[in-house]
Amino acid sequence: MTAALRFDPIRLPEKCEQLRKEVRAFLAEEAARGTFDASKPNREDTDVPEFCRRVGERGWIGMTWPKKYGGQERSFLERYVVTEEMRVANAPTRRFFVADRQSGPVLLKYAPEHIKMDILPRICKGEVCFAIGMSEPNSGSDLFAAKTRATKTDGGYLINGTKIWTSSAHIADYMIAIFRTSPPTKENRRHGLTQFLVKMKEPGIKVNPIGQITGQYEFNEVVFTDHFIPDDHVLGEVDGAWKQATSELAYERSGPERFLETYYVLTELVRAVGPNPDTRSAEGIGRLVAQLHTMRRMSVSVAGMLQAGKEPVVEASIVKDIGTVWEQQLPHRVRDLAAFVDETATNRETLQRQLDFAIKTAPKLTIQGGTTEVLRGIIARGLGLR
């Protein structure tokens, strides 16, 4: 099956630019009160519940969702602006971001009404945190190789197995996970996977932190031992979750967070070289900004297609592939250019500290959300090349 590759030319409307001013003013106030320091991406306090609640009070979580569930019924492009400004400012969005980006939309589409009415308003208030349970040991980004079992029992399912590289599982209230309910068939190895809503504080779940070379603990191993999930926590079609998960990844893979995670080193480099850079610095920065602008136009285009009700899976995969490779390489490119920064630059120490952290965190960027190899397989299949 092939798809026509298309990136619609989208321009952000004026209301988005007005919203951008509001978000910037809010973030400036939060930084002034000491909530976070944009110059310190390596901070340990990435989970700040009070900040999340204040973002919720502004109506900036779940902002595209129906008002009956706490949303604002605003556009995907407006949400894009909020995400972009939060990412550029290094704001502590960990507690609500996954729920806002993809878990909420999954619940909107597949959850029973009583679950929607219970959980979605709390997401919008910044009160609950979600994790994503996809990757498993020995399967990497091959979602369809999942082996964690969901065995039918009275009133629900018993879960046994392990998920790994699960971001924020240590603070999550819920997880949306893929478990195997039936064996795959010879004709379709995607068959047999079902999506579930998991309450993370219930018995039968153990979360083991996975340390990173940055010193942070963002990833986790999640072990399920006879964990019970009631029938009404099945999301969508039993044995047919692969269709849902593929659609869900269009939300996960296309946003500005997929190329802005190390952006702070570029802005710090611009400050360091000052208003009169030498030719080498000007050319190097110019190339990086031109590349960034191109990726941003592609990402905004995907947001516009989501707004139009489309499922741009291939386009989203392209954005993530190009974006994560770029943000992974960015610290190294900035380090090369920084070698020529004047010794008298007042922010030289800050730039070096940021580079140290960015270079350590960069390896994960082409793994989380789907490895580069898997993404390129999706792209090739979508274009009819395999």
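Author: Let's start at Ser301: skipping residues up to four places away in sequence, it touches Phe7, Asp8 and Ile10, where contact means heavy atoms within 4.5 Å. Before going further, a caveat: this is a predicted model, local features need pLDDT of at least 70, side-chain atom pairs count only at pLDDT 80 or more, and totals for chains, interfaces and linings use all residues. Numbering runs from 1 along each chain as its sequence is written, and side-chain values use heavy atoms, with hydrogens and water left out.

Ser301 sits in helix H8 (residues 279–307). Helices here are DSSP runs of H or I with at least four residues, strands are runs of E with at least two, and both are numbered from the N terminus. At 1% relative accessibility, Ser301 counts as buried; that word means under 20% relative accessible area, while exposed means over 50% and partly exposed is in between, with a 1.4 Å probe and protein chains only.

One of the residues touching Ser301 is Asp8, and it has a partner of its own. Arg6 makes a salt bridge with Asp8, and their closest N and O atoms are 2.2 Å apart. To count as a salt bridge, a side-chain nitrogen of Lys or Arg has to be within 4 Å of a carboxyl oxygen of Asp or Glu. Asp8 is buried too, at a relative accessible area of 14%. As background, side chains of opposite charge can pair when their charged atoms come close.

How many salt bridges does a search of the whole structure find? It finds 24. Glu29 and Arg58 form one, with the closest N and O atoms 3.8 Å apart. Glu29 is in helix H1 (residues 14–32) and Arg58 is in the loop between helix H2 (49–57) and helix H3 (76–88), so this pair ties together parts 29 residues apart in sequence. Glu29 is partly exposed at 48% relative accessibility, and Arg58 is partly exposed at 39%.

Asp173 and Arg95 form another, their closest N and O atoms being 3.9 Å apart. That pair links distant parts of the chain, 78 residues apart: Asp173 is in the loop between strand E3 (156–163) and strand E4 (174–180), and Arg95 is in helix H4 (residues 94–110). Asp173 is partly exposed at 22% relative accessibility, whereas Arg95 is buried at 12%. There's also a salt-bridge network that links Glu17, Arg20, Arg24, Glu84, Glu85 and Arg296.

Back to Ser301, this time looking along the chain. Ile318 is 17 residues from Ser301 in sequence and 12 Å from it in space, C-alpha to C-alpha. Ile318 belongs to the contact between H9 and H11: on the H9 side you get Val313, Val314, Ser317, Ile318, Lys320, Asp321 and Val325, and on the H11 side Thr372, Leu375, Arg376, Ile378, Ile379 and Gly382.

As for the geometry, the axes of helix H9 (residues 313–338) and helix H11 (residues 372–382) come within 9 Å and cross at roughly 145°. Those axes are lines fitted to C-alpha atoms over the stretch in contact, with angles from 0 to 180 degrees between N-to-C directions. The H9–H11 crossing is left-handed, as in the near helix being turned anticlockwise from the far one by less than a right angle (clockwise would be right-handed).

Within H11, the buried residues are Thr372, Leu375, Gly377, Ile379, Ala380 and Gly382. After H11 comes Gly384, with a positive phi near 75°.

Positive phi turns up in residues other than glycine as well. Ser168 has one of about 65°; Ser168 is in the loop between E3 and E4 and is buried, with a relative accessible area of 6%. Asp239 has a positive phi near 75°, lies in the loop between strand E8 (234–235) and helix H6 (241–253), and is buried at 15% relative accessibility.
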